[in-house]
Amino acid sequence: MNSAANLSSHQETDKKLVFTVKERCRVCYTCVRECPAKAIRITGGQAEVVTSRCIACGNCIKVCSQNAKVFYKEIDQVKRLIETSPNVIALLAPSFPAEFYDFEDHKVLVGIIKSFGFSHVTEVSFGADLVARYYKEQLNLDMPAISSDCPAIVAYIERYEPELTNRLAKVVSPMVAMARVVRKEYGEGVKIVFIGPCLAKKAESDEIDAALTFREVREMIENARINISKIVPSEFDPPLGGRGAIFPLSHGLLHTMEVNEDILSENVLVAGGRANFQDALREFSQGNLDGHHLHLLCCEGCILGPGMSPYPNTSPTSMRFAKKARIIGYANRKMSELDKSQWQENLDKYSKLDFSRSFQSRDLRSVRPPAEQIKDMLYKMGKYSQQDHLNCGACGYDSCEEHAIAIINDLAETEMCLPYSIEKLHKYIRELNISNEKLAHVQEALRHSEKLAGMGQLSAGIAHELNNPLGVITVYSNILREELPADSPMLQDIDLIVEQADRCRKIVGGLLNFARKNQLNLSEADVVKLARHSIDSVIIPDEVTLRLNAQITDPLANLDYDQMTQVFTNLLKNAVEAMTGKGEITFDLFDSADQFTISISDNGSGIQAENMDKLFTPFFTTKGLGKGTGLGLPIIYGIVKMHKGDVIVKSNVDPLSGPTGTTFTITIPRNRLV
Ligand code: ADP
Ligand code: MG
């Protein structure tokens, strides 16, 4: 087969090979960090694989602790191939002893694979033996070369180090070499299924009809409920492999080439694993490797490929020494049993096939955005100076700048930055606290305005009802007054009736004002006089004593005299009504430069705790039918509020915790600010 019909690996790798299971992804950014191709995009707080960038190395699958990354499975395609084609040949990768360590020997495994319907099972290690010869030739060239047996490395170089594409060894991989051998041996029409530890093999070459990972084979064994004791053991089909059995180890290619590792270590540098191979490529492209060749592996040896099942209770990347020991053990056994002359004959026979290949670069490196754009993005991330660049790596990128570039390139989000998210969270908490406080204020104001609105309606109702009877009282008491002789002893009483009726009219008028947007009739008044007048307007029983305690520096205030009188008389009346028999009322008056504090205390029954909330609700009364109206306190509240003042109630009903009684404390500003 010529090289033109060979690999066009980039086309195949556009097959979607790795997926995110969104429900399992906890967005920890480990996959972002571990992806050498930066092919994981975080969008809307979800990780997704960008297929065109993915090199199918399977690193993300290995590192995800939540098993949120899964790979494309081909079990069904393989079953269909077996059903529809007479000769489906398995190419078993030489790393199989590390995977199927629990089978007695390779013959059981070959027997199992054949039981699935494969016509033949061959060893890729023979392909490794063949390509080793070609590698030897490459190493003798003057131009330092990079090994091309790892498909993930090839895909990486084609995309992210395109200038190095022409340095890739123009040799097919052992798998493709073996596919060519098998077609030569068993006929062009056969179908070929690769079985190995590698995910990238699924997209490496169209000369392979399907590729199963060892994990998929395990799954097939489990699903088929195979009884291993009933399996007929079988040997591999020819041509058998030799030294290539050692290929899956990190220095395997060198061993296979039968090159002395010590001597070769001067000529070939081996680098395996994400960080190592990238470093090696960087140094290679900088020309710092003094003409050394590179043997690169994306995993640290194929025995750590993502298609290997983890050993029980271990992570996918652990147990590499146990795996290595199994490969060496198998290779030693194989070499001791090998019919060397037959092997040599086969090598000579198939070496005549063409094992060359070509590569095509496909530059997917992201273009560096202009410095200004990066700076703007860093600003958005709260990174204003170099000190803010923590380069903590929590986002999965090595530096804040790389993260900013990834955001610009639509691969990342600002929220991935941990310090940024913490700062944002703090800001939200602060804003939430402020909103909560504002909300509490608004609720309080709402409660007040509800009360005031309730009072407004109430006032309008009362005013309307009282206006007529008051008019009658005023008219008739004036008529009575005129009819009385000038020296009548009743004249004083009638005067009091006229005066009080007049006050009532004013109050009713005031209430109407209150209903019509709370008007006050402000004038300068003497607060002590107002207190005395209020006391005089209330009938205080003989057994109740009232003490006025006025400690006033300046008695003058700007207030609505009549409405304030109503406040004090209502409070005094409530105090009197709270007493049964003997009692004491204290009327305290204090002033400061800007306000008056008026407290009216009684030693009456006190107010039950459960009633404290309802005191200012219109019509709330605990007094019997026809006695209380429940209007006193709501009106007081409205008047005090209109004066921009406050009402506080303290009460005790429990004699055990002190003397019972209630204190209403009112504060009003000296000059109400309009
Ligand atoms: P009313 O006096 O018509 O009941 P108020 O609005 O003046 O209506 O008072 C509402 C209720 O508040 C009263 O019924 C009473 O239960 C309680 N109250 C008000 N002042 C006092 C006080 N000084 N001592 C005990 N309870 C009081
Ligand atoms: Mg009352």
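I looked up aspartate 237 and found it buried, at a relative accessible area of 13%. My classes are buried for under 20% relative accessible area, exposed for over 50% and partly exposed in between, with a 1.4 Å probe and protein chains only. This is a predicted model, where local features need pLDDT of at least 70, side-chain atom pairs count only at pLDDT 80 or more, and totals for chains, interfaces and linings use all residues. Residues are numbered from 1 along each chain as its sequence is written, chains are lettered from A and ligands numbered from 1 in the order in which they are written, and side-chain values use heavy atoms, with hydrogens and water left out.

Which side chain does aspartate 237 meet in a salt bridge? I found lysine 114, at 3.1 Å, N to O. I call a salt bridge a side-chain nitrogen of Lys or Arg within 4 Å of a carboxyl oxygen of Asp or Glu. Aspartate 237 sits in the loop between helix 10 (214-223) and helix 11 (252-256), and lysine 114 in helix 6 (residues 106-115), so the pair ties together parts 123 residues apart in sequence. Helices (H or I, at least four residues) and strands (E, at least two) are DSSP runs numbered from the N terminus. Lysine 114 itself is partly exposed, at 23% relative accessibility.

I searched the whole structure and got 27 salt bridges. Lysine 623 pairs with glutamate 577, the closest N and O atoms being 2.5 Å apart. Lysine 623 is in the loop between strand 15 (595-602) and helix 22 (632-642), while glutamate 577 is in helix 21 (residues 561-577), so this bridge ties together parts 46 residues apart in sequence. Lysine 623 is partly exposed, at 30% relative accessible area. I also noted Glu74, Lys202 and Glu216, joined into one network by salt bridges that share partners.

Arginine 430 and glutamate 423 form another bridge, 3.7 Å from N to O. Arginine 430 comes out partly exposed at 45%, and glutamate 423 is partly exposed at 47%.

Threonine 122 belongs to strand 6 (residues 120-123) and is buried, with 0% relative accessible area. Leaving out residues up to four places away in sequence, I see threonine 122 touching, among others, Leu91, Leu92, Tyr186 and Asp237. Contact here means heavy atoms within 4.5 Å.

What about helix 8: how many of its residues are buried? Ten of the ten (residues 151-160), so helix 8 is largely enclosed by the rest of the structure.

The largest nonpolar core has 80 residues, and Leu91, Leu92, Phe118, Val193 and Ile195 have the most contacts inside it. Helix 7 (residues 124-139) gives this core its largest share, nine residues. A second, separate core of 63 residues includes Ile40, Ile55, Cys60 and Phe359. I define such a core as buried Ala, Val, Leu, Ile, Met, Phe, Trp, Tyr and Cys residues joined through side-chain atoms within 4.5 Å.

Beyond neighbours within four places in sequence, isoleucine 195 is in contact with residues including Leu91, Leu92, Ile113 and Phe214.
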